[in-house]
Amino acid sequence: MESLYDLATYTGSVYPNDTVIAWSVMIVIYPYITGLVAGAFTVSSLYHVFGMERFKPVAQFALLTALCFMLFVPVPLLLHLGQPQRAMNAVLTPHWTSAMAAFGYFAGFYVILLVLEIWFVFRPHFVRQAQRTTGPVGMLWRALSLGSDDLSEKAMRYDHKWMFALAVTGIPGAHGLHGYVGFIFGSLKSREWWSSDLMPVVFLFSAVISGVALLIVLYVLSCRLRKVPIDLACLKGLAYVLWGFMMFTLVLEGLEFSNIVYKGREGIETIMEYVTGPLVVPFFIVQLGIGAVTPIAVISYLIWRGTTGKALIVGVTVSAALVLLSVLMMRWNVVIGGQEISKTGQGLVNYHMHLWGREGLLASIAVIAAPFAVLAVLVRLLPPWADNATPSLQAGRL
Amino acid sequence: MKETNPALAARRKFLSKLGRAVTYAGAVVGAGALSTAQNTAAKSEPSAGGASFPTKDYDWTKHRWGYGVDATKCIGCLRCVEACKRENDVPGTAHHFRTWVERYVYLEGETKPRIDSQHDPVNIEASGSEKEYRFANRYKDAKVDKAFFVPKLCNHCTHPACVQCCPTGATYKTKDGVVLIDHKYCIGCAYCVQACPYGARYFNHEKQVSDKCTWCYHRITKGLQPACVEICPVGARIFGDLEDNKSPISQFVRNNRVRVLKPESGNAPNVFYVGLDKDVI
């Protein structure tokens with residue numbers, strides 16, 4: 001039988017209690033999902049706040065994607081907690097000195113904001129459905145429209161004002177939420193691998209690229225499934241955004257790593273042993289080589305050659321899928337990597353992921369898959385596609 | 001222009017009310033944040049309240065407990081580890097310890113010490129079980145330049161990183177200077193396990209909460225010594241009240257040049273050591 005907890009083999013000298021990995025793969029999934037939310041929201045803001053028309057085809061879809069993933073953010077945490085039934089203790093009696101104490105409030109605030117914005121964006125849809133349908137289904141739509149059926153130009157202008165305010169608030173909201181997740185790691189002085197002022201920023205930028213990449217993959221996939229042509233201007237725009245933010249992410253990660261190496265504080269020999277040993281495949285090959293350098297090279301080539309048509313679609317989609325893998329590996333290398341370097345600074349431990357159990361491989365696959373399943377249902381209830389799109393809020397204000 | 005649509009007017013009213021509520025809430029949160037910001041710094045965790053704890057005839061404002069380790073005396077018999085495990089119901093595995101002992105051995109011709117502890121597989125093989133604790137005689141054929149033992153335990157820091165990061169306040173510092181965990185309130189997030197620079201905390205997989213040394217709080221509040229101090233055959237572990245000038249710990253700190261582990265962490269530990277070497281981690 002598998003052990004109930006994550007025992008770790010080790011080399012060198014480690015504290016006895018360091019031989020259990022306290023934060024498992026679930027704590028890898030948690031910032032990954034939160035990051036996808038922040039990234040998806042960024043894309044929606046590019047249209048809704050900054051009025052970039054080319055992102056119209058994915059703007060509403062991005063909001064729904066953000067919501068679906070946000071709903072599942074607490075799941076990996078609950079699966080990880082030893083006493084999940086007491087999770088509300090952190091919200092009811094928050095211990096404010098803890099970097100973790102405000103998380104429930106931040107997350108709750110952001111969910112409410114997302115739901116409100118989605119309600120405004122889809123209000124015309126609720127009203128139309130309420131007018132079109134009868135019986136219990138009609139009642140449901142009427143309930144969702146909150147009793148208001150006014151779709152006059154004036155009412156819509158009023159809605160837009162609210163949507164704009166919510167979208168603007170959502171930018172610091174989504175990004176703050178994710179920067180905060182980075183702070184949970186970066187503020188821990190006990191581990192050299194985590195203890196970095198750059199950690200929240202690195203988390204944030206990698207979050208943005210993961211969300212953009214997710215939208216690229218989902219958008220292409222949804223067009224295929226709906227058998228509608230892909231808006232190439234939109235896709236190319238997303239590729240530009242991905243490329244730009246990836247540059248920032250790579251520079252920041254490079255700076256962070258250089259800082260650790262250059263400062264060369266106590267335990268650096270062990271960190272270098274880790275970097276040049278167990279980290280070669282997950283970091284240098286998968287995260288950096290396959291997941292970052294390859295997509296940057298491919299997208300650069302596509303932009304340089306002015307590629308269009310199917311080649312552009314395939315190139316950008318494959319690159320985006322690689323970026324999704326890269327960011328997942330980044331979370332892994334930070335969360336698991338930090339724990340694989342013992343606090344003694346003189347030894348390395350080795351995490352073995354379980355297959356079964358609430359913190360195993362299968363559970364983590366289920367947690368990542370669940371938002372996709374909910375999204376598949378939600379887009380049927382609230383079609384977010386361009387033929388239904390709200391005008392850009394910038395345009396609405398002018 | 002005059003409002004004509006009642007639904008729109010009602011909605012507008014509702015939204016403006018909502019907007020106002022959010023503004024007020026924001027102001028309240030902002031004001032609250034200002035006052036709490038002063039408390040979030042690592043150096044200012046408030047102690048738990050109340051005058052007498054855990055029993056009526058014990059006044060925790062009258063004591064300030066401290067712990068000393070004389071590494072020059074430790075013989076590595078590991079009775080302390082066994083006593084602690086029994087006294088405190090610590091899981092009987094090689095991965096859960098409230099206290100442990102590290103062995104540092106400098107072999108001839110080597111500049112770095114070889115460090116092991118009772119959880120090392122070679123030592124477990126020598127003892128025959130994870131529940132028996134012994135240092136294997138693994139260096140008997142080598143030429144040893146220098147060797148010593150270092151007992152370790154929770155440092156009950158003055159500015160504990162574990163208390164700072166606990167999201168619920170389940171772990172807290174008592175007025176007599178002990179860091180405790182309320183097992184009935186801990187949510188089991190293990191953030192504190194990550195935050196402790198000393199590896200003193202572990203996740204108790206039987207109880208599904210974080211756990212660590214309490215200096216045997218159930219004993220010291222009754223005038224007894226912690227189990228590890230009581231059992232140590234050579235007096236390498238010293239415990240007492242720093243408020244009492246004549247207590248063993250006060251004398252230990254006064255009569256020796258003591259140091260603490262990882263002072264650069266800013267945690268200000270309260271386990272004072274004599275006889276450490278530069279390579280002690």
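At what angle do helix 2 and helix 5 of chain A pack, and how far apart are their axes? Helix 2 (residues 56-71) and helix 5 (residues 103-132) of chain A pack at an angle of about 145 degrees, with axes 10 Å apart. The model is a predicted one, in which local features need pLDDT of at least 70 and side-chain atom pairs count only at pLDDT 80 or more, while totals for chains, interfaces and linings use all residues. Residues are numbered from 1 along each chain as its sequence is written, and chains are lettered from A and ligands numbered from 1 in the order in which they are written.

**Helix packing in chain A**

- Helices (H or I, at least four residues) and strands (E, at least two) are DSSP runs numbered from the N terminus; axes are lines fitted to C-alpha atoms, for helices over the stretch in contact, and angles run from 0 to 180 degrees between N-to-C directions.
- The crossing of helix 2 and helix 5 of chain A is left-handed, a term used if the near helix is turned anticlockwise from the far one by less than a right angle.
- On the helix 2 side of chain A, the residues that meet helix 5 include A:Leu63, A:Leu67 and A:Met70; on the helix 5 side, A:Leu114, A:Ile118 and A:Val121 are among them.
- By class, this contact has 11 nonpolar, 1 polar and 1 charged residues, where Ala, Val, Leu, Ile, Met, Phe, Trp, Tyr, Cys and Pro count as nonpolar, Asp, Glu, Lys and Arg as charged, and the others, Gly among them, as polar.

- A residue is buried if 20 or more other C-beta atoms lie within 10 Å of its own, exposed if 12 or fewer, and partly exposed in between, with C-beta atoms placed from the backbone.
- Neighbours within four places in sequence aside, A:Leu242 is in contact (C-beta atoms, placed from the backbone, within 7 Å) with residues including A:Ile209, A:Val212, A:Ile299 and A:Val323.
- A:Thr276 lies in the loop between helix 10 (268-275) and helix 11 (280-305) of chain A, and A:Thr276 is exposed, with 10 other C-beta atoms within 10 Å.
- The C-alpha atoms of A:Thr276 and A:Ala8 are separated by 20 Å, the two residues being 268 apart along the chain.

**Interface between the chains**

- In the contact between the chains, 47 residues of chain B meet 42 residues of chain A.
- Helix 1 (6-40), strand 3 (114-117), helix 4 (161-165), helix 5 (191-195) and strand 7 (202-204) of chain B each give two or more residues to the side that touches chain A.
- The largest share of that side, 8 residues, comes from helix 1 of chain B.
- The residues on the chain B side divide into 25 nonpolar, 17 polar and 5 charged.

**Sheets of chain B**

- Chain B has 8 helices and 10 strands, and 41% of its 281 residues count as buried.
- One open sheet has 3 strands in the order 9-1-10, with mixed pairing; two strands pair if DSSP finds at least two bridges between them.
- Its edge strands are strand 9 (237-241) and strand 10 (271-274) of chain B, and the twist averages 20 degrees from one strand to the next.
- Strand 1 (residues 65-70) and strand 9 of chain B run antiparallel and are joined by 5 bridges, with B:Val69 opposite B:Arg237.
- Helix 8 (residues 248-255) of chain B lies across strand 1, strand 9 and strand 10, at about 115 degrees to strand 9.
- Another open sheet of 3 strands, in the order 3-2-4, has antiparallel pairing; strand 3 and strand 4 (144-153) of chain B each have a single partner strand, so one side of each lacks a neighbour in the sheet.
- Strand 2 (residues 99-107) and strand 4 of chain B pair over 9 bridges, and B:Phe149 is the bridge partner of B:Arg103.
- Helix 2 of chain B lies across strand 2 and strand 4, at about 160 degrees to strand 2.

**Positive phi in chain B**

- Most residues other than glycine have a negative phi.
- B:Leu78, not a glycine, has a positive phi of about 65 degrees; B:Leu78 is placed in the loop between strand 1 and helix 2 (79-88) of chain B and counts as buried, with 22 C-beta neighbours inside 10 Å.
- B:Cys216, also not a glycine, has a positive phi of about 50 degrees; B:Cys216 is found in the loop between strand 8 (209-211) and helix 6 (217-220) of chain B and is buried, with 23 other C-beta atoms within 10 Å.

Definitions and conventions
Contact = placed C-beta atoms within 7 Å.
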